[in-house]
Amino acid sequence: MPKHLSIVSPVYNAENIMLELVKQIEANVKSITSNYEIILVNDGSKDRSWQKIQELCANNKKVIGINLSRNFGQHNTITAGLEHARGEWVVVMDCDLQDRPEEIPVLYNKATEGYDVVLAQRVRRNDSWLKRSGSKLFYKLFAYLTDIPQDESVANFGIYNGKVIAAVLKMREQTRMFPTMVKWVGFKKTSVPVTHGSRFEGESTYNFRNLFKLAIDTILTYSDKPLRLIIRIGFAIAAISFLFALWILLRYLTGHIVVLGYASLMISIWFLAGIMIMILGLLGLYMGKMFDGIKNRPIYLVDEIVNEEG
C-alpha cells in the first residue's frame, strides 16, 4: 500500500540510538500524516543494532527493518532503503540524530510550495575540526574536478519527491554518492537552513581513511578531469623538455658544455619516471573502476526484511 511519507535511515553500530530515533521521528511526522513508514537499514553492524531494529518492528508495524548480508557502505545502504520505500515523499536522514527529526516538518512544508527536492543546509556543523576540514577540502577538490559547484553544508538529509527517487534508482553505478546523484538527476530543488545536532552517542565511524577512500572513489566515478589534467601535464613537460634541450644544445655549440652533467641527466630520468608511474597508476584506477562496473554485481544484498507489506 502506498504511503504518503517514508523515512529512510542507514544504520551502523547504533544499538543504543534506535529507540530514541524512532521515538523522535514519530513525534514529528505525526503532525504531517499518519500514513508513514520508517525504514531502518542495518549495514552489517558489529553490535546489536539489528536485534534492536527487530524489537522495534515487533512493537511497531510502521517500522520496517532491512538487514544487509554484510557492510556495503552508507550510500549503498541508502539505495537499499530507497528501493523498499513506498512513500510519495521520502526523507533520507542519518541515524545518529545529528539530522534532527524536528526539522522534517520544516522540510515538508517547504516542499509543498512546489519543490521536488528540499535539502537540509547545515548552518553550523557539529563535527570535529578534522572532519569539517576534510569535508571542505573534498568538496572544493570535487567541485574543481567535476566543474560542478558543490555545497559542503548539504549532505544526505532532505526530503525528495517519489519521482526524484525513481530517477536516482535508475542510476546503477557501483560507487554511489547520494547527494551527487540527486544533483545529477535535476528537478526543482531548494534548501532550508537547519540546526545540525550533536551525536546522540559515540563517535562517527567515518575516519580519515574512510573519507579518503570515499573521496577517491567518488572523484574517479564522477569525473574524467584527472585524465584531461594528465594530458595538459604531458604537454607542459614536453614543452619544457624541448626548451631545455635547445638551451643545452646552444650552450654546447658555444663551447660552454664539454660533457653533459650527470646530475641533470639523473634528475630528468627520475622526474619523468615519476610522472609516468603516476600516469599509469591513475589509468589503472580508472580501469579498476571500469572492471567493477563490467562485473555488474548487486549494489547490496538483503539477508532479512521485517514488517514489509506484500
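## Briefing: sheet, helices and salt bridges

Strands E5 and E6 (residues 154–161) pair in the antiparallel sense over four bridges. Two strands count as paired if DSSP finds at least two bridges between them. This is a predicted model: local features need pLDDT of at least 70, side-chain atom pairs count only at pLDDT 80 or more, and totals for chains, interfaces and linings use all residues. Residues are numbered from 1 along each chain as its sequence is written, and side-chain values use heavy atoms, with hydrogens and water left out. Helices (H or I, at least four residues) and strands (E, at least two) are DSSP runs, numbered from the N terminus.

**The sheet**

- Eight strands form an open sheet with mixed pairing. Their order is E7-E5-E6-E4-E1-E2-E3-E8.
- Strand E7 (189–194) and strand E8 (302–306) stand at the edges. Each has a single partner strand, so one side of each is left without a neighbour in the sheet.
- From one strand to the next, the twist averages 20°.
- Leu-119 has Gly-158, in E6, as its bridge partner.

**Helices across the sheet**

- H2 lies across strand E1 (3–11), E2, strand E3 (63–68) and E8. H2 runs at about 155° to E3. Axes are lines fitted to C-alpha atoms, for helices over the stretch in contact, and angles run from 0 to 180 degrees between N-to-C directions.
- H6 lies across E4, E5 and E6. H6 runs at about 120° to E6.

**Helix H1 against helix H2**

- Two packed helices are described by the angle between their axes and the distance between the axes.
- Helix H1 (residues 18–29) and helix H2 (residues 49–59) pack at about 40°, their axes 9 Å apart.
- That angle makes H1 oblique to H2. Angles under 35 degrees count as roughly parallel, over 145 as roughly antiparallel, 65 to 115 as roughly perpendicular and the rest as oblique.
- H1 supplies Met-18, Leu-19 and Val-22 to the contact, and H2 supplies Lys-52, Ile-53 and Leu-56. Contact means heavy atoms within 4.5 Å.
- The contact residues divide into five nonpolar, no polar and one charged. Ala, Val, Leu, Ile, Met, Phe, Trp, Tyr, Cys and Pro count as nonpolar, Asp, Glu, Lys and Arg as charged, and the others, Gly among them, as polar.

**Burial of helix H3**

- In helix H3 (residues 74–84), 10 of the 11 residues are buried, so H3 is largely enclosed by the rest of the structure. Buried means under 20% relative accessible area, exposed over 50%, partly exposed in between (1.4 Å probe, protein chains only).
- The buried residues of H3 include Gln-74, His-75, Asn-76 and His-84.

**Salt bridges**

- The structure holds five salt bridges. A salt bridge is a side-chain nitrogen of Lys or Arg within 4 Å of a carboxyl oxygen of Asp or Glu.
- Arg-86 and Glu-37 meet through their side chains in one of them (2.4 Å, N to O). Arg-86 lies in the loop between H3 and strand E4 (87–92) and Glu-37 in strand E2 (residues 36–42), so the pair ties together parts that are 49 residues apart in sequence. Arg-86 is partly exposed at 23% relative accessible area, whereas Glu-37 is buried at 1%.
- Lys-110 and Glu-113 also form a salt bridge (3.2 Å, N to O). Lys-110 is partly exposed at 23%; Glu-113 is exposed at 53%.
- Asp-116 and Lys-163 form a salt bridge, with the closest N and O atoms 3.5 Å apart. Asp-116 lies in the loop between helix H4 (104–111) and strand E5 (117–122) and Lys-163 in helix H6 (residues 162–169), so the pair ties together parts that are 47 residues apart in sequence. Asp-116 is buried at 13%, and Lys-163 is partly exposed at 43%.
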